[in-house]
Amino acid sequence: MENHTIASSSITFLKNLEKNNNRDWFTENKTQYTAAQSNIIAFADQLITLMNAHDAIENGSGKKSLYRIYNDVRFSKDKSPYKPRFALGLQRATTSKRGGYYLHIQPANNFLACGFFSPNSDDLKRIRKDIELNSATWRKILNSKSIKDNFVELAGNKVPTSPRGFAKDHEAIDLIRHKQFILRHNFTDQEVIDPQFVFKANEIFQSVRPFFDYLSVVLTTDLNGETII
């Protein structure tokens, strides 16, 4: 397999875009954007191939996983026409495999994230109920070596107090309050352009599997352990 490295020129393009976030500059430098985009797509194609060796990724290609660089300014306070980043979203295939992967390439703000970014109300209630009943299992997974070596702590938006129906003094109320369940790992610009970065990203994504495997069981069963899908 040919190794696809994120080029330093792709990072340079993003730095320049951040300084010149306007349509005239973008139009004048469209060839640089096209080259950088092609570079990121080739990287994503290799990453998907690597990940399919240990998981099942729904995205058929790197191009289909790439978020648009154009900013939707209709409902945003930021009226800049472009987002100075490249971002990939990778979804696990089939309804029995839950969780998603995200990679964000932006100068001085590079990171990957794994988890449950926008669980629907039923899934969120099921997750919280499992935490309430099995908090020791959650602590064990989140404190496991594979998770602790690669992620600092469980991140994501939370409700300000306890959700309705859950005791404020529950021993795992810090977890129950979560609306998102995200694990994040940051990278420097130098790490991103390293030839081994695609393998490092794949390795860190793979390390989240104990968390994903457990939540996949939770979200496909009821409180009695009966399969619901």
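**Entry 1: the largest pocket**

I began with the largest pocket, which has a volume of about 350 Å³. The model I am reading is a predicted one. I counted 24 residues in the lining of this pocket, and Gln91, Gly99, Gly100, Gly115 and Phe117 lie nearest its centre. I then looked up which elements contribute: β1 (86-91), β2 (100-105), β3 (110-116) and α5 each supply at least two lining residues. Sorted by class, the lining of the largest pocket holds ten nonpolar, nine polar and five charged residues.

**Entry 2: the second largest pocket**

I noted a volume of about 210 Å³ for the second largest pocket. It is lined by 14 residues, and those closest to its centre are Arg139, Leu142, Glu153, Leu154 and Leu175. Here α6, α7 and α8 each give at least two residues to the lining. I sorted this lining too and found seven nonpolar, two polar and five charged residues.

**Entry 3: helix α6**

Which residues of α6 are buried? In this helix, residues 135-142, I found Ser135, Trp138, Ile141 and Leu142 buried. Seen down the axis of α6, the buried residues fall within an arc of 125°, so they line one face of the helix. I recalled the general rule: an α-helix has 3.6 residues a turn, so residues three or four places apart point the same way. On the face of α6 turned away from the buried side I found the exposed residues Ala136 and Lys140. What do the buried residues of α6 pack against? I listed α5 (121-133), α7 (145-148), α8 (173-176), β4 (181-187) and α11 (209-218).

**Entry 4: strands β1 and β2**

I went back to β1, which is mostly covered, with five of its six residues buried. β1 and β2 run antiparallel and are joined by six bridges. I looked up one partner: Ala87 is bridged to His104 in β2.

**Entry 5: two loop residues**

I checked phi angles last. Most residues other than glycine have a negative phi. Thr94 is not a glycine, yet has a positive phi of about 75°. I placed Thr94 in the loop between β1 and β2, and read a relative accessible area of 48%, which makes Thr94 partly exposed. Ala108, also not a glycine, has a positive phi of about 70°. Ala108 sits in the loop between β2 and β3. Is Ala108 buried or exposed? Ala108 is exposed, with a relative accessible area of 74%.

Note on methods. Residues are numbered from 1 along each chain as its sequence is written. This is a predicted model: local features need pLDDT of at least 70, side-chain atom pairs count only at pLDDT 80 or more; totals for chains, interfaces and linings use all residues. Side-chain values use heavy atoms; hydrogens and water are left out. Buried means under 20% relative accessible area, exposed over 50%, partly exposed in between (1.4 Å probe, protein chains only). Helices (H or I, at least four residues) and strands (E, at least two) are DSSP runs, numbered from the N terminus. The arc is that of the directions from the helix axis to the C-beta atoms. Contact means heavy atoms within 4.5 Å. On a 1 Å grid over the protein atoms alone, a cavity is a set of points where a 1.4 Å probe fits but cannot get out, and a pocket is an open set with protein on both sides within 12 Å along at least five of seven lines; lining residues have an atom within 4 Å of a point. Grid points are joined across faces, edges and corners, and a volume is the space filled by probe spheres set on the points. Ala, Val, Leu, Ile, Met, Phe, Trp, Tyr, Cys and Pro count as nonpolar, Asp, Glu, Lys and Arg as charged, and the others, Gly among them, as polar. Two strands pair if DSSP finds at least two bridges between them.
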